[in-house]
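Have the model open as you read.

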Amino acid sequence: MIIIGLMSGTSADGVDAAVVEVGGHTAGGGTPVSPTYRLLAHTLTPHTDALREEILACVRPEHGTVDRLCALNFELGESFAVAALTGARAAGIAPERIDLIGSHGQTMWHIPGHSTLQIASPAVIAERTGATVISNFRARDMAAGGQGAPLVPYVDALLLRHPTLIRAAQNIGGIANATYLPPLDADASAIFAFDSGPGNMLIDDAVRRATDGAMQYDDGGALAAQGRVDGSLLEELMEHAFLRAPPPKTTGREVFGAQFGAGLWASGVARGLKPVDIVATATAFTAMSIAVSYRDFLPAMPNEVLVSGGGALNPTLLRMMERQLNDFSPAGHTVRVMRSDEAGIPVLAKEAFAFAILADQTWRGRPGNLPAATGARAPVILGDITPGARFPYPLASQ
């Protein structure tokens with residue numbers, strides 16, 4: 001099968017598309033065997049400035065009225081469909097060869113333990129591409145008592161465990177989340193995951209304020225590298241209640257969004273900090289909150305941390321993380337921070353790749369959540385199926 005995974009994260013900069021070839025599902029007589037997943041292409045289709053501004057407006061309760069959300073749902077459907085077709089072209093795949101699309105959608109609001117909302121009309125995506133679409137992955141996990149996130153740990157456990165080393169798969173998108181991965185010879189029940197707190201979200205907010213909107217993110221961590229971390233402001237930020245709450249836990253813009261960013265900036269200005277100092281302190285907050293979560297919640301410090309997401313492209317952030325993680329490690333234990341590319345998964349493709357795999361799981365009637373990560377009562381089959389023009393695609397087990 002050819003499956004395209006689609007993902008737009010909390011940064012709302014565009015839609016990532018991962019084109020994945022899936023094979024090896026069944027042997028003779030329908031006996032399950034290990035599937036194989038090969039990434040054929042990864043693309044990012046940027047949102048227009050107007051669409052991004054509308055997304056960022058609608059994730060704020062004071063602006064996200066029902067009429068705006070209704071319209072945005074269909075506009076995002078069009079954007080996600082374009083992203084899927086762009087990915088197919090990059091892979092040299094004709095649209096009619098797309099068997100399935102797994103669309104995460106755009107998260108607009110998330111209430112841990114209660115409900116969640118991702119939009120990007122799957123009907124529009126199916127109509128524009130002709131492919132069957134699986135969407136709304138998070139809701140079923142929440143209905144089963146889970147947080148609805150993180151879901152990528154299922155794929156981390158599938159693809160990234162090491163034969164002998166303890167690993168952590170650390171994604172740094174708008175929010176940061178970690179998956180604890182014991183060695184392959186250890187009990188898989190030890191795998192779990194959680195959101196540690198802010199990722200790029202507050203850094204990006206500070207960069208926009210520091211440059212009067214000329215920059216949307218800290219390219220290469222250059223601004224943070226020029227600044228000085230303010231210890232007292234960092235200590236204040238680290239008092240946030242979410243950081244102390246034990247897993248399973250999830251968060252998003254409703255906690256670390258624009259309002260939090262405005263407060264962080266105001267605190268920095270009140271202390272007389274330079275703009276680059278505020279960016280540096282926001283970067284240190286992400287690094288420290290990740291390191292503290294490892295110290296407080298992981299069974300053991302990892303040997304390797306595989307970083308994916310936009311934060312993997314910020315060397316200043318990675319240096320801060322590695323220093324903090326090693327400061328918290330036992331004597332003689334070294335934590336190596338590396339990009340997920342070194343394990344064969346491009347840093348910007350992992351989440352879209354994951355939703356292609358999760359779509360495949362759903363299509364085959366297999367659970368796609370990891371209860372130890374989400375807190376769900378049991379593994380459940382995720383998502384809603386929107387038939388495309390070529391539906392039904394025959395299951396490999398039939």
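## A strand and a surface patch

This is a predicted model. Leucine 117 has a relative accessibility of 37%, so it counts as partly exposed. Together with Trp109 and Ile111, Leu117 forms a nonpolar patch on the surface. The accessible area of these three residues together is about 230 Å².

## Overall form

Stepping back, the chain contains 15 helices and twelve strands. Its C-alpha trace spans about 65 × 50 × 40 Å along the principal axes. The radius of gyration is 20 Å, which agrees with the value near 21 Å that a compact globule of 398 residues would have.

Of the 398 residues in the chain, 55% are buried. Among contacts with a separation of 6 or more, 71% are between residues 24 or more positions apart. The chain exposes about 15,600 Å², and carbon and sulfur atoms supply 55% of that area.

The largest nonpolar core has 53 residues. Those with the most contacts inside this core include Phe256, Phe285, Tyr294 and Val305. Helix H12 (residues 275-297) gives the most to this core, with 13 residues. There is also a second, separate core of 37 residues, and Val155, Phe353, Ala356 and Ile357 are among its members.

Which residues does valine 305 touch, leaving aside those up to four places away in sequence? They are Ala168, Gln170, Tyr294, Met321, Leu325, Val335, Arg336, Val337 and Met338.

## Charged pairs

The whole structure holds 14 salt bridges. In one of them, glutamate 21 pairs with arginine 38, their closest N and O atoms being 3.0 Å apart. This pair links distant parts of the chain, with glutamate 21 in strand S2 (residues 14-23) and arginine 38 in strand S3 (residues 36-46), 17 residues apart. Glutamate 21 is partly exposed at 31% relative accessible area, and arginine 38 is partly exposed at 48%.

Arginine 336, one of the residues touched by valine 305, forms a salt bridge with glutamate 342, where the closest N and O atoms are 2.6 Å apart. Arginine 336 is partly exposed, at 38% relative accessibility.

Is the pair of aspartate 360 and arginine 364 buried or exposed? Aspartate 360 has 0% relative accessibility and counts as buried, and arginine 364 is buried with a relative accessible area of 16%. Their salt bridge has its closest N and O atoms 3.0 Å apart. Elsewhere, salt bridges that share partners join Asp230, Glu236 and Arg271 into one network.

Methods. Residues are numbered from 1 along each chain as its sequence is written. This is a predicted model: local features need pLDDT of at least 70, side-chain atom pairs count only at pLDDT 80 or more; totals for chains, interfaces and linings use all residues. Side-chain values use heavy atoms; hydrogens and water are left out. A nonpolar core is a set of buried Ala, Val, Leu, Ile, Met, Phe, Trp, Tyr and Cys residues joined through side-chain atoms within 4.5 Å. Buried means under 20% relative accessible area, exposed over 50%, partly exposed in between (1.4 Å probe, protein chains only). Helices (H or I, at least four residues) and strands (E, at least two) are DSSP runs, numbered from the N terminus. Contact means heavy atoms within 4.5 Å. Patches are made of residues with over 30% relative accessible area and no salt bridge: like charges are joined within 9 Å, nonpolar side chains (Val, Leu, Ile, Met, Phe, Trp, Tyr) within 5 Å. Accessible areas come from the Shrake-Rupley method with a 1.4 Å probe; for residues, only the protein chains shown count as cover. A salt bridge is a side-chain nitrogen of Lys or Arg within 4 Å of a carboxyl oxygen of Asp or Glu. The radius of gyration is taken over C-alpha atoms; the globule rule is 2.2 Å times the number of residues to the power 0.38.
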